[in-house]
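Here are my notes on this one, as numbered points. Have the model open next to you while you read.

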Amino acid sequence: MLPSTVPYIVTRARLAMGNSFLTIVSAEIVAAQVRLGSLIWTSRNYERINWVFVGIITLGILGFVFDRVLWIVASRGSCVDTD
């Protein structure tokens, strides 16, 4: 039964990773003094739109990279088509 559930587990892990990125950035915006969420929020407050886009694009790239890493690990671990 376990091999048949692996695609569902991988899909849920990929979705959970996206939600965790959202949660981490939201928490950084509220409570952090440094890091990416704080950079976005501070740049927004000082109307530095270019830095806001840098932060958002960085988040997008990080999300994409972590998604691909998880996909590669899952595809090497078994013959699973996760897309």
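**Notes on the model**

1. Let me start with a glycine: Gly55 sits in helix 3. Keep in mind that what we are looking at is a predicted model. Gly55 is buried, with a relative accessibility of 0%. Leaving aside residues up to four places away in sequence, Gly55 touches Leu36, Leu39 and Ile40. If you want a sense of distance, go from Gly55 to Arg76: they are 21 residues apart along the chain, and 31 Å separates their C-alpha atoms.

2. Two of those Gly55 contacts, Leu36 and Ile40, turn up again among the buried residues of helix 2. Which residues of helix 2 are buried? Leu36, Gly37, Ser38, Ile40 and Ser43 are. Helix 2 itself covers residues 36-45.

3. Now look at how helix 1 meets helix 2. Their axes come within 7 Å and cross at roughly 55 degrees. Because of that angle, helix 1 counts as oblique to helix 2. The handedness of this crossing is right-handed. From helix 1, the residues in contact are Val25, Glu28 and Ile29. On the helix 2 side, they meet Leu36, Gly37, Ser38 and Trp41. Of these, Leu36, Gly37 and Ser38 are buried.

4. Arg44 lies over the face of Trp41, 4.6 Å from the ring centre. Which arginine lies over the face of Trp71? That one is Arg68, at 5.3 Å from the ring centre.

5. On to the aromatics. How many aromatic pairs are there? The count is one. The partners are Phe21 and Phe66, with ring centres 5.7 Å apart and planes at 45 degrees to each other, which makes the pair tilted. Phe21 belongs to helix 1 (residues 2-31) and Phe66 to helix 3 (residues 49-77), so the pair ties together parts that are 45 residues apart in sequence. Is Phe66 buried or partly exposed? With a relative accessible area of 41%, Phe66 is partly exposed.

6. Val6, in helix 1, is 68 residues from Ala74 in sequence, yet their C-alpha atoms are 8.5 Å apart in space. Ile9 is in helix 1 as well, 65 residues from Ala74 in sequence and 9.7 Å from Ala74, C-alpha to C-alpha. Val6 is partly exposed at 23% relative accessibility. Ile9 is partly exposed too, at 47%.

7. Next, the backbone of the loops. Arg35 has a phi near 95 degrees, which is a positive value in a residue other than glycine. Where is Arg35 found? In the loop between helix 1 and helix 2. Arg35 counts as exposed, since its relative accessibility is 65% and the cut-off for exposed is over 50%.

8. Is Glu47 buried or exposed? Glu47 is exposed, with a relative accessible area of 68%.

9. If you only click on a few things, here is my list. Start with Gly55 and its contacts, among them Leu39. Then go to the tilted pair of Phe21 and Phe66. After that, check Arg44 over Trp41 and Arg68 over Trp71.

Methods. Residues numbered from 1 in each chain as written. Predicted model: local features only at pLDDT ≥ 70, side-chain atom pairs only at ≥ 80, totals over all residues. Heavy atoms only, no water. Phe/Tyr/Trp six-rings, centres within 6.5 Å; stacked < 30°, edge-to-face > 60°. Helix = DSSP H or I, 4+ residues; strand = E, 2+ residues; numbered from the N terminus. Buried < 20%, exposed > 50% of the residue type's maximum accessible area, 1.4 Å probe, protein only. Lys NZ or Arg CZ within 6 Å of the ring centre and 35° of its normal. Axes fitted to C-alpha atoms, helices over the stretch in contact; angles between N-to-C directions. Parallel < 35°, antiparallel > 145°, perpendicular 65-115°, else oblique. Left-handed = near helix turned anticlockwise from the far one by under 90°. Contact = heavy atoms within 4.5 Å.
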